[in-house]
Amino acid sequence: MNRILVVEDQSLVRDAIATLLSLEDDFEISGKCANGQEALDWLGANNAPDIILTDIEMPLVSGLDLAEKLNALSISSKVVVMTTFSKPGYIKRALALSAKGFVLKEADSEYLVNALKKIAKGERVISPELALMALDDSNPLSAKESKALKLAGDGLKTQDIAKTLFLSEGTVRNYLSEAIAKLDATNRVDAARIAKQKGWL
């Protein structure tokens, strides 16, 4: 019996997935959470499940941020990421964080069930199409450019970004200018939008 924690911000989707999986003899739903922060709180009060099935885009703590925190906490649960967005940057980041699967919500229920069964046995599951997409799309931004651009996309001004990253305002302007040029964007907001669409932020 594999214990599963479902992390999804849309309650109807969360309940539907939990109900679907609970019908399988191999699975038991240990809990349901609306975002990554709730999942972390749940894990602090309960034994870690065998599998954490998590959405990517959620408020407070995203699925990728959750996976990163689970790695830092050395929690042994197998992380499976699901999303409606086939963004190559998301795939690469999820796999870099040792995610065991990447599943599109558009996939049928049988695919999800079979994928989780394979993952429970120690396999890694990602559709070939998504894997090829990830390989063909490289992020041109450096880590520092990405951080500065993410904060700019959140609406922070150059002075605030500099304080947050402990950098000079001139350095921040350089990072943002480089990011704008690399993404062929018109300004920092446009660059952030492009990078988010690609799944790089």
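**The sheet and the helices around it**

Mentor: Strand β1 (residues 2-7) pairs with strand β2 (residues 27-33) in the parallel sense, over six bridges. Keep in mind that this is a predicted model.

Trainee: Which residue of β2 does Leu5 stand opposite?

Mentor: Leu5 faces Gly31 in β2. Another such pair is Val7, which stands opposite Cys33 in β2.

Trainee: How does the chain cross from β1 to β2?

Mentor: The chain goes through helix α1 (residues 11-22) on its way from β1 to β2, and this β-α-β crossover is right-handed.

Trainee: And what order do the strands of the open sheet have?

Mentor: The order is β2-β1-β3-β4-β5-β6, six strands with parallel pairing. At the edges are β2 and β6 (125-126), each of which pairs on one side only.

Trainee: Which strands does helix α2 lie across?

Mentor: Helix α2 (residues 36-45) lies across β1, β2 and β3 (51-55), and runs at about 120° to β2. Helix α3 (residues 63-72) lies across β1, β3 and β4 (78-83), at about 150° to β3.

Trainee: Why do we call Ser30 partly exposed?

Mentor: Its relative accessible area is 27%, and partly exposed covers the range between under 20% for buried and over 50% for exposed.

Trainee: What is Ser30 in contact with, leaving aside its neighbours within four places in sequence?

Mentor: Ser30 is in contact with Arg3, Ile4, Trp42 and Pro49. As for Ala48, it sits 18 residues from Ser30 along the chain, with 9.1 Å between their C-alpha atoms.

Trainee: Switching topic to helix α7: which of its residues are buried?

Mentor: In α7 (residues 143-153), the buried ones are Glu145, Ser146, Ala148, Leu149, Leu151 and Ala152. They pack against α8 (158-165), α9 (169-182) and α10 (188-198).

Trainee: How do α7 and α9 cross?

Mentor: Their axes come within 9 Å and cross at roughly 95°. Angles of 65 to 115 degrees count as roughly perpendicular, so that is how α7 and α9 lie to each other.

Trainee: Which residues make that contact of α7 and α9?

Mentor: From α7 come Lys144, Glu145, Ala148, Leu149 and Ala152, and from α9 come Tyr175, Leu176, Glu178, Ala179 and Lys182. The residues of this contact divide into six nonpolar, no polar and four charged.

Trainee: And what about α7 with α10?

Mentor: The axes of α7 and α10 also come within 9 Å, and they cross at roughly 110°. These helices are therefore roughly perpendicular to each other. Here α7 contributes Leu149, Ala152 and Gly153, while α10 contributes Arg188, Ala191, Ala192, Ala195 and Lys196. That contact divides into five nonpolar, one polar and two charged residues.

How values were computed
Residues numbered from 1 in each chain as written. Predicted model: local features only at pLDDT ≥ 70, side-chain atom pairs only at ≥ 80, totals over all residues. Heavy atoms only, no water. Buried < 20%, exposed > 50% of the residue type's maximum accessible area, 1.4 Å probe, protein only. Helix = DSSP H or I, 4+ residues; strand = E, 2+ residues; numbered from the N terminus. Contact = heavy atoms within 4.5 Å. Axes fitted to C-alpha atoms, helices over the stretch in contact; angles between N-to-C directions. Parallel < 35°, antiparallel > 145°, perpendicular 65-115°, else oblique. Nonpolar A, V, L, I, M, F, W, Y, C, P; charged D, E, K, R; others polar. Pairing = 2+ DSSP bridges. Right-handed = clockwise from strand over helix to strand, strands pointing away.
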